[in-house]
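Work through the exercises below with the structure open beside you. Try each task before reading its solution.

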Amino acid sequence: MEHHICIFTGARPNFVKVAPIINAMRNTPGMNYLLVYAGREDDPTLEPSLFSDLQMPRPDAFLGVDCENLNELTGQVMTTFEHYLDRHPVDTVIVVDDLASTMAAAIVAKKRGLRLAHIVAGTRSFDITMPKEINRLVIDGLSDLLFTAGVGASSIATREGADHTKIYLVGNILMDTLRMNASRWQRPSCVPDGDYLVLTVNRRALMDDEAGFFQLLDVIAAEASSLPIIAPLRGKAYRLVAQHGGLSVVNPLSYLEFGWLTSHARGIITDSGNVAEEATFNHVPCITLNSYTEHIETVKQGTNVLVGEDAGRLREALRDMVAGRWKASSLPDRWDGRTAERIVKICQL
């Protein structure tokens, strides 16, 4: 039986997650896919080496949507994606994560009567004031296939009324990409000899409170003064951390370079859920500058510790990290690098 699938991506991190799915589909007879990106072909967040690093093709289509206002972006994606599907009929649309563009694509797919699959379904912050939380609720509510990364996410989907026949605990797709590329990591030139820490910052709400953000940077610079701190950043994060001083701020690294950097670090400080998941896979101590994580497994089983935006809790965690005192960790169930295989097999049903 032939299957015609559209894989929709809305931002750079989505490509990291769909790469193993595309690889699995290439090796499965009867699976035909189209890869669509909501943004521009010259999107500055997509470094030239990204697709070759991930061993995947460039998107078949760039919708060209580029705006800051989330409601405007949602409308533009709905319009352009609708026109794209008019010209390229498919039977299934796969969406990833929780962006406004992801929600827009999900709405278009269901209005056209297409089967909708959501990768990383069932993740919640339980904070309805967060735009991404609204996106998650809408996408999961519309989806025919809910692909979850862990038992907790599957339980959330069940509690919210999703039919159990729609929910599939397939594991964490990010682990597939890490396993595929672990032997290909490239040591970046910014890495010093000996131990070092890594800082990544991307969350807008964290940086909008500049006084509070600088207080956190004060703690990091003071408590980790014995170790180099490498911070690959862009945009506002680059400007603020460079302005603070005391840390080695570098331009964003390629995927393969960043993989080497984080997998060999003494520890990581981040506000990114994806980076915390990667740290758990690599058994690298990780401090998350947030009060919640979409994947609580990284805390319960993994190396992750949540400190919120609390300078005192950050100080305590950093002291343990620098001293080499950290909790034992293990990999959560089905974080085994076979998630893409499970997803493709289910899409064949």
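The exercises cover a sheet, one of its residues, a cavity and a pocket, all in a predicted model.

**Exercise 1. Find the order of the strands in the open sheet of seven strands, and name its edge strands.**

Solution. 
- Step 1: The order is 3-2-1-4-5-6-7, and the pairing is parallel.
- Step 2: Look for strands that pair on one side only. These edge strands are strand 3 (61–62) and strand 7 (167–169).
- Step 3: Check how strand 3 is attached. Two bridges join strand 3 to strand 2 (residues 31–37), and the two strands run parallel.
- Step 4: Pick out one bridge. Tyr37 has Phe62 in strand 3 as its bridge partner.

**Exercise 2. Decide whether Ile167 is buried or exposed, and list its contacts beyond its neighbours within four places in sequence.**

Solution. 
- Step 1: Ile167 belongs to strand 7.
- Step 2: Apply the cut-off. Buried means under 20% relative accessible area. Ile167 has 14% relative accessibility, so Ile167 counts as buried.
- Step 3: List the contacts. With neighbours within four places set aside, Ile167 touches Leu146, Thr148, Ser154, Ala157, Thr158 and Ala162.
- Step 4: Look at the helix over this region. Helix 6 lies across strand 5, strand 6 and strand 7, at about 170° to strand 7.
- Step 5: Compare sequence and space. Ile167 and Ile343 are 176 residues apart in sequence, and their C-alpha atoms are 11 Å apart.

**Exercise 3. Describe the largest cavity: its volume, its lining and the classes of its lining residues.**

Solution. 
- Step 1: The whole structure has one cavity of 30 Å³ or more.
- Step 2: Give the volume. The largest cavity has about 30 Å³.
- Step 3: Name the lining. It includes Ile119, Val120, Phe147, Thr148, Asn172 and Ile343.
- Step 4: Trace the elements. Strand 5 (115–121), strand 6 (145–148) and helix 15 (339–347) each give at least two lining residues.
- Step 5: Sort by class. Seven lining residues are nonpolar, four are polar and none is charged.

**Exercise 4. Which helix gives the most to the lining of the second largest pocket?**

Solution. 
- Step 1: Start with volume. The second largest pocket has about 170 Å³.
- Step 2: Find the centre. Of 15 lining residues, Gly152, Ile156, Thr293, Glu294 and Ile296 lie nearest to it.
- Step 3: Check the helices. Helix 6 (151–159) and helix 13 (297–300) each supply at least two lining residues. Helix 6 gives the most, with three.
- Step 4: Sort by class. The lining has five nonpolar, six polar and four charged residues.

Technical notes: Residues are numbered from 1 along each chain as its sequence is written. This is a predicted model: local features need pLDDT of at least 70, side-chain atom pairs count only at pLDDT 80 or more; totals for chains, interfaces and linings use all residues. Side-chain values use heavy atoms; hydrogens and water are left out. On a 1 Å grid over the protein atoms alone, a cavity is a set of points where a 1.4 Å probe fits but cannot get out, and a pocket is an open set with protein on both sides within 12 Å along at least five of seven lines; lining residues have an atom within 4 Å of a point. Grid points are joined across faces, edges and corners, and a volume is the space filled by probe spheres set on the points. Helices (H or I, at least four residues) and strands (E, at least two) are DSSP runs, numbered from the N terminus. Ala, Val, Leu, Ile, Met, Phe, Trp, Tyr, Cys and Pro count as nonpolar, Asp, Glu, Lys and Arg as charged, and the others, Gly among them, as polar. Two strands pair if DSSP finds at least two bridges between them. Contact means heavy atoms within 4.5 Å. Axes are lines fitted to C-alpha atoms, for helices over the stretch in contact, and angles run from 0 to 180 degrees between N-to-C directions. Buried means under 20% relative accessible area, exposed over 50%, partly exposed in between (1.4 Å probe, protein chains only).
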